[in-house]
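Please keep the sequence and the three-dimensional view at hand while reading.

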Amino acid sequence: MSKKTNRVTDQSSFIGSKLNFSGKEAYNLLRTNIMFSVRREDRRARILGVTSSVHGEGKSLTSINLAYSLAENNYKVLIMECDLRLPTFAKKLKLPPSAGLSNILAGIETDQQNLLHKDVLIKGLNIVQAGDIPPNPSELLGSKQFQALMNSLVPYYDFIILDLPPVGEVTDALVVSEQVDGMIVVVRQDYTNQSDLNYTMRQLELVDAKVVGFVYNGAAGKKGKYGYGKYKKYGKYAYAKKRDS
Ligand SMILES: Nc1ncnc2c1ncn2[C@@H]1O[C@H](COP(=O)(O)OP(=O)(O)OP(=O)(O)O)[C@@H](O)[C@H]1O
Ligand SMILES: [Mg+2]
């Protein structure tokens, strides 16, 4: 495995309408697979969690592009930045820093509507930023307030996507897993370490997380170009096995 270096500086160039054709196709395929993999309860949003083993594997990029792809198909989507420790949405989406999830959960900000950025990037896609960095992220995400917030939001969306921190580094993704209908695990070519991923999968199994599949981010394309994602359903895929496409 090569060193964990990020390959780009302007992150917005890999998001939404700026994606190239193969990038868009990869996320459309992910969207289609999700539609079949995650059951929808009557009149409530499907809650998807996106996590990985370590930082920098592409969780936030995957969350945003999946949300975009769903909104492009006329679904009403909310993406929540649940990485309260190292938020990146403001930079990625060129949004002004704002109060957000942490402020709501801590009871500092009660006007939720005010914190929903209306139709960011594309019609039908709302975003809640992480907000001010709190001293106790796991506690906030595992709180009754988080559960109550989710319950209050599910009637208004088709999908709620939680961009989570990595399982191998902090417990935050594990504490919200009970709220999640389908957990997606991102692995990144030449980056994800097999033992880190094994550890992550064990942790997710211990909390009975409903892992629905893996996104294989950065897979080399036919022409050796740096790609975006492949999705494999859980059970049919041998963790972070390297593939040529
Ligand atoms: N397939 C890709 N092609 C090009 N750049 C990518 C790709 N995947 C991720 N990146 C870049 O790698 C960096 C890390 O991606 P991202 O922020 O989505 O990862 P993350 O898993 O959310 O990281 P963190 O754990 O720090 O939150 C970003 O600069 C992003 O633009
Ligand atoms: Mg991230």
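The model discussed here is predicted.

**Overall composition**

The protein has 9 helices and 7 strands. Of its 245 residues, 53% are buried. Its accessible surface amounts to about 11800 Å², and carbon and sulfur atoms account for 50% of that area. Among contacts between residues at least 6 apart in sequence, 76% join residues that are at least 24 apart.

**Helix 1**

Helix 1 covers residues 21-37 and contains 17 residues. At 1.5 Å a residue, helix 1 should span 24 Å, and this agrees with its end C-alpha atoms, which are 24 Å apart. An α-helix has 3.6 residues a turn, so residues three or four places apart point the same way. The buried residues of helix 1 are G23, A26, Y27, N28, L30, R31, I34 and S37.

**Nonpolar cores**

The largest nonpolar core consists of 40 residues. Within this core, the residues with the most contacts are M80, L101, F146, I160, L162 and L204. Helix 7, residues 144-153, gives the most to this core, with 4 residues. Which residues does F146 touch, leaving aside its neighbours within four places in sequence? F146 is in contact with C82, L101, L105, L140, L141, L162, V176 and Q179. A second, separate core has 30 residues, including I15, V50, L70 and V212.

**Aromatic and charged side chains**

A pair of aromatic rings is described by the distance of the centres and the angle of the planes. The structure holds 1 aromatic pair. This pair is formed by Y75 and F159, with 5.4 Å from centre to centre and 90 degrees between the planes. The arrangement is edge-to-face, because the angle between the planes is over 60 degrees. Y75 lies in the loop between helix 2 and strand 2, whereas F159 belongs to strand 4 (residues 159-163), so the pair ties together parts that are 84 residues apart in sequence. Y75 is partly exposed, with a relative accessible area of 24%, while F159 is buried, with a value of 0%. Elsewhere, the charged end of R188 sits over the ring of Y191, at 5.4 Å from the ring centre.

T200 is found in helix 9, which comprises residues 194-206. Is T200 buried or exposed? T200 counts as buried because its relative accessibility is 0%, which is under the 20% limit. Apart from its neighbours within four places in sequence, T200 is in contact with S52, S53, V167 and G168.

**Positive phi angles in two loops**

N74 has a positive phi although it is not a glycine, and D119 likewise has a positive phi as a residue other than glycine. N74 is found in the loop between helix 2 (59-72) and strand 2 (77-81). D119 is placed in the loop between helix 5 (112-115) and strand 3 (125-128). The table sets out the values for these two residues.

| Residue | Phi | Relative accessible area |
|---|---|---|
| N74 | about 70 degrees | N74: 73%, exposed |
| D119 | near 40 degrees | D119: 39%, partly exposed |

N74 counts as exposed because its relative accessible area of 73% is over 50%. D119, at 39%, is partly exposed.

Methods:
Residues numbered from 1 in each chain as written. Chains lettered and ligands numbered in written order. Predicted model: local features only at pLDDT ≥ 70, side-chain atom pairs only at ≥ 80, totals over all residues. Heavy atoms only, no water. Buried < 20%, exposed > 50% of the residue type's maximum accessible area, 1.4 Å probe, protein only. Expected span 1.5 Å × (residues − 1). Core = buried A, V, L, I, M, F, W, Y, C linked by side-chain atoms within 4.5 Å. Contact = heavy atoms within 4.5 Å. Phe/Tyr/Trp six-rings, centres within 6.5 Å; stacked < 30°, edge-to-face > 60°. Lys NZ or Arg CZ within 6 Å of the ring centre and 35° of its normal. Areas by Shrake-Rupley, 256 points an atom, 1.4 Å probe, with all protein chains shown as cover.
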